[in-house]
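Welcome, and please have a look at the model below. The report that follows walks through it piece by piece.

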Amino acid sequence: MSALEIACNLITTISILLAGRNSVHTWWTGIIGCVLFGLLFFQAQLYADVTLQIFFVATSAYGWMHWRRGNNGQARPVTRAGLRHVALIAPLGLLVASLYALILHRFTDAYAPLLDSLVLTFSVIAQWLLMQRRLEAWWFWLLVNTIAVPLFASRELYLTSFLYACYWVNAIIAFFYWRSLLTKDIDATTSANAPA
């Protein structure tokens, strides 16, 4: 276990806990964690995860702005993406992961290119939904963490694997917390629109 692995996991854990609590500070802490994870994954030959960290840095900057002022100057509320939307993007994620895995297998010395690519594509989907404050983001984070835990353990990134198992638990807690926020917002809107 290296100092780099400890540092990136510590900062990223803070960011993930902040996301679960629906805090805008998840984004800037996430940027720092992603830069450090990019270096760690490069050393471990998990190149799809390096690509993912670059994506996370860019989307975290966007998410930070979007969460703060994405609703006509107000913070965005938690909303649903809907089952139809999820049913469209999940197979697309599988297709993209398969294609990216083929590229990694053919042109790099990547370790476990399919699993690494699945973590990449479903993390992209989860991040996109998180940026929009969609409840279903947590479904995808559960899937990502389920794949990532054994993948990282197989590369002897034991701390990272352990924390991704903790993130799996956090995703369940965050899902229920965000669902309560959504219900509260729906109840408030219904009450405000009710005839006097």
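## Asp185 in helix H7

Let us begin with Asp185, which is found in helix H7. This is a predicted model. Asp185 has a relative accessibility of 33%, so it counts as partly exposed. Leaving aside neighbours within four places in sequence, Asp185 is in contact with Pro77 and Val78.

For a sense of distance, take Asp185 and Leu52: they are 133 residues apart in sequence, and their C-alpha atoms are 32 Å apart in space.

## How H5 and H6 pack

Helix H5 covers residues 113-131 and helix H6 covers residues 137-154. Their axes come within 8 Å and cross at roughly 155°. That angle is over 145°, the cut-off for roughly antiparallel, and H5 and H6 are therefore roughly antiparallel to each other. The crossing of H5 past H6 is left-handed.

On the H5 side, the contact is made by Leu115, Asp116, Leu118, Val119, Phe122, Ser123, Ile125, Ala126, Gln127, Leu129 and Leu130. On the H6 side, the residues are Ala137, Trp138, Phe140, Trp141, Leu143, Val144, Ile147, Ala148 and Leu151. Sorted by class, the residues of this contact divide into 17 nonpolar, 2 polar and 1 charged.

## Ile125 and Phe140

Ile125 is found in helix H5. With a relative accessible area of 13%, Ile125 is buried, because the cut-off for that label is under 20%. Not counting residues up to four places away in sequence, Ile125 touches Ile89, Gly93 and Phe140. The C-alpha atoms of Ile125 and Trp141 are separated by 9.0 Å, and the two residues are 16 residues apart along the chain.

What does Phe140 touch, not counting residues up to four places away in sequence? Its partners are Val86, Ile89, Ala90, Phe122, Ile125, Ala126 and Leu129.

## The largest nonpolar core

How many residues does the largest nonpolar core have? It has 53, and those with the most contacts inside it are Leu130, Trp138, Phe140, Trp141 and Phe152. At least two residues of this core come from each of helix H1 (3-20), helix H2 (26-43), helix H3 (47-69), helix H4 (83-107), H5, H6 and helix H7 (158-193).

## How H2 and H3 pack

The axes of H2 and H3 come within 8 Å and cross at roughly 170°. H2 and H3 are therefore roughly antiparallel to each other.

H2 brings Thr26, Trp27, Trp28, Ile31, Cys34, Val35, Phe37, Gly38, Phe41 and Phe42 to the contact. These meet Tyr47, Asp49, Val50, Gln53, Phe56, Val57, Thr59, Ser60, Ala61, Gly63, Trp64 and Trp67 in H3. By class, the contact of H2 with H3 has 15 nonpolar, 6 polar and 1 charged residues.

## The loop between H5 and H6

Gln132 is found in the loop between H5 and H6. Is Gln132 buried or exposed? At 18% relative accessibility, Gln132 counts as buried. Leaving aside neighbours within four places in sequence, Gln132 is in contact with His66, Arg76 and Thr79.

Arg133 is also found in the loop between H5 and H6. Its relative accessibility is 5%, so Arg133 counts as buried. The backbone deserves a look here too: Arg133 has a positive phi of about 55° although it is not a glycine. Most residues other than glycine have a negative phi.

## Two further loops

Asn22 is found in the loop between H1 and H2. Phi of Asn22 is near 65°, a positive value in a residue other than glycine.

Tyr111 lies in the loop between H4 and H5. At 29% relative accessibility, Tyr111 counts as partly exposed. Leaving aside neighbours within four places in sequence, Tyr111 is in contact with Gln45, Leu46, Asp116, Leu151, Ser154 and Arg155. Tyr111 and Ala61 are 50 residues apart in sequence and 29 Å apart in space, C-alpha to C-alpha.

Definitions and conventions
Residues are numbered from 1 along each chain as its sequence is written. This is a predicted model: local features need pLDDT of at least 70, side-chain atom pairs count only at pLDDT 80 or more; totals for chains, interfaces and linings use all residues. Side-chain values use heavy atoms; hydrogens and water are left out. Axes are lines fitted to C-alpha atoms, for helices over the stretch in contact, and angles run from 0 to 180 degrees between N-to-C directions. Helices (H or I, at least four residues) and strands (E, at least two) are DSSP runs, numbered from the N terminus. Angles under 35 degrees count as roughly parallel, over 145 as roughly antiparallel, 65 to 115 as roughly perpendicular and the rest as oblique. A crossing is left-handed if the near helix is turned anticlockwise from the far one by less than a right angle, and right-handed if clockwise. Contact means heavy atoms within 4.5 Å. Ala, Val, Leu, Ile, Met, Phe, Trp, Tyr, Cys and Pro count as nonpolar, Asp, Glu, Lys and Arg as charged, and the others, Gly among them, as polar. A nonpolar core is a set of buried Ala, Val, Leu, Ile, Met, Phe, Trp, Tyr and Cys residues joined through side-chain atoms within 4.5 Å. Buried means under 20% relative accessible area, exposed over 50%, partly exposed in between (1.4 Å probe, protein chains only).
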